[in-house]
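Student: Hi! Could you walk me through this one?
Tutor: Happy to, let's look at it together.

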Amino acid sequence: MTAFSFLIGSLLFAIAQCAEQNDQSSNEFDTYNADECPRVRRAWHTLSASEQDLYVSGLMQLRKNGEQNVDIDEFIAIGSVHADIYAPFLHKTSSYLFWHGYLTWELESRIRNLGGKYQCFGMPYWSFTMESGRESNPLIFESGAVGGNGDPDNYHTVNGYSWPFTTQQFWTPTDCYADTDAYPVCSLKRALRSDFVMPTAEQIAAHIMDNPLFTDFTQYSHVSGQAVHLIDGDDSLNADGDAMYEFTQSYEPIWYLFHSAIQYHQALWVDCNDYDQIANDRLQEHPEAFTAFCNAYDTCTLNENGYPNEWLQWQLDDAMHFGGKLVEHEWSYVHGNALTVRKLYHLPKWNILYDVNVDDDIYVQVKEWCQGKLNSSWFVVRDETGQRVENAYADVKDVHGKTGNYWMMLFESAVVLSLLGLYWAYKGSCGKDEKHINSSSSYYLYGSMQAISIS
């Protein structure tokens with residue numbers, strides 16, 4: 001083999017290796033009709049009645065399949081994780097956003113698994129900042145698809161009051177104190193909090209744009225995390241006469257729409273800080289993109305709750321703990337796999353794509369900051385007519401900052417530079433500078449966070 005041939009082979013190997021490391025745009029973990037369609041997520045208020053019904057009817061089919069049995073109901077299995085004793089502690093760690101995002105993905109998966117019209121379902125997101133100024137009459141209740149406020153004369157029961165579904169059709173295994181509740185088949189409870197102030201789009205956007213360090217960005221939870229508690233303002237008393245201050249959120253349909261929004265905001269933060277460009281296997285080199293932390297001294301350090309050591313891990317490659325019944329089900333990813341922050345970091349690896357209108361309240365605030373940075377493997381932005389907005393996302397850029405073809409860039413660089421010099425230069429920059437764009441033009445109809453203190 002000549003030296004020239006060796007250099008050519010080395011260059012091609014480096015190119016292939018770097019392309020593989022850099023490509024964060026390919027699905028890796030989704031096995032639910034992933035080849036047919038991505039999980040396109042859209043704002044709830046932009047959906048038609050039939051599109052909103054895809055979520056609601058999907059939920060009702062899951063509940064029907066569950067036969068009112070807590071051991072086989074798939075919705076209950078997912079929600080039980082957040083009702084577990086470990087969940088309050090998890091909210092004080094760096095795994096918090098990723099952990100909740102996975103639960104949203106699992107419910108999305110169970111609906112897609114129903115097949116037929118559900119096979120391309122994507123979890124809509126609740127644009128909860130649009131509720132600012134109208135907390136007493138929120139938009140999320142307007143269509144009636146997910147029901148409204150609960151019955152004040154029956155412990156705020158939603159079933160049969162503001163939602164046509166009976167308790168037998170949609171039940172929860174908690175908050176069992178309404179007239180006809182009999183564990184585990186208890187009614188869904190919901191009550192708007194009086195004098196509650198929802199965060200504005202300006203507030204949320206400021207947290208996204210002004211905090212490039214992960215540890216600072218997580219302070220966003222102080223503002224966003226409160227929003228879902230607009231609807232759990234229980235003022236009733238339990239059997240012992242004690243006040244019930246909030247309902248269990250993880251059995252609330254709106255909770256998953258809320259967490260889809262949280263994941264949307266997190267995706268904007270990642271993408272518009274160009275952290276989507278970081279190769280997955282090099283995240284540990286970028287503490288600005290992720291730094292592990294725990295802010296519960298009594299648990300993190302003293303472990304006063306006596307948790308097993310394997311629960312007290314929150315580094316990039318540490319397996320997250322999931323309590324409840326989810327891990328018992330073979331269909332869940334965590335049944336036979338360790339789930340880590342590294343695996344969850346890049347949304348396209350889970351086949352998730354956010355489809356955003358140009359007038360989306362958060363997008364309006366961040367569009368200038370994000371100009372030229374939105375990766376089309378993460379986002380699609382559409383105008384008022386539904387057409388994709390050009391230049392709303394970053395094109396592949398060559399070393400001079402000009403838009404160009406990825407492979408042509410390599411070819412032209414090879415002409416200019418010596419093969420040996422190019423080999424080492426390219427190998428050294430692998431994973432840092434390039435965007436990988438999903439060029440597909442085919443997109444499909446999409447088919448509690450507890451309040452925490454990070455201090």
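Tutor: One definition before we start: the expected span of a helix is 1.5 Å times one less than its number of residues. Also, this is a predicted model.

Student: OK, how many residues does α5 have, and what does it reach from its first C-alpha to its last?
Tutor: α5 has 17 residues and reaches 25 Å, close to the 24 Å expected.

Student: Is α5 buried or exposed?
Tutor: Buried: 17 of the 17 residues of α5 are, so the helix is largely enclosed by the rest of the structure.

Student: At what angle do the axes of α2 and α5 cross?
Tutor: At roughly 80°, and they come within 9 Å. That makes α2 roughly perpendicular to α5.

Student: Which residues make the contact?
Tutor: Y55, G58, L59 and L62 come from α2, while L107, R110 and I111 come from α5. They divide into 5 nonpolar, 1 polar and 1 charged.

Student: And the largest nonpolar core, which residues have the most contacts inside it?
Tutor: Y55, Y102 and Y345, in a core of 113 residues. Helix α9 gives the most to this core, with 13 residues. Y102 touches F322, L326 and Y333, among others.

Student: New topic: where is the cis peptide bond?
Tutor: It joins Y183 and P184, with omega about 5°. P184 lies in the loop between α5 and α6.

Student: What about phi of D195 and N351?
Tutor: Both values are positive: near 60° for D195 and near 70° for N351. D195 is exposed, with a relative accessible area of 77%, whereas N351 counts as buried at 10%.

Technical notes. Residues numbered from 1 in each chain as written. Predicted model: local features only at pLDDT ≥ 70, side-chain atom pairs only at ≥ 80, totals over all residues. Heavy atoms only, no water. Axes fitted to C-alpha atoms, helices over the stretch in contact; angles between N-to-C directions. Helix = DSSP H or I, 4+ residues; strand = E, 2+ residues; numbered from the N terminus. Parallel < 35°, antiparallel > 145°, perpendicular 65-115°, else oblique. Contact = heavy atoms within 4.5 Å. Nonpolar A, V, L, I, M, F, W, Y, C, P; charged D, E, K, R; others polar. Core = buried A, V, L, I, M, F, W, Y, C linked by side-chain atoms within 4.5 Å. Buried < 20%, exposed > 50% of the residue type's maximum accessible area, 1.4 Å probe, protein only. Lists of a residue's contacts leave out its neighbours within four places in sequence.
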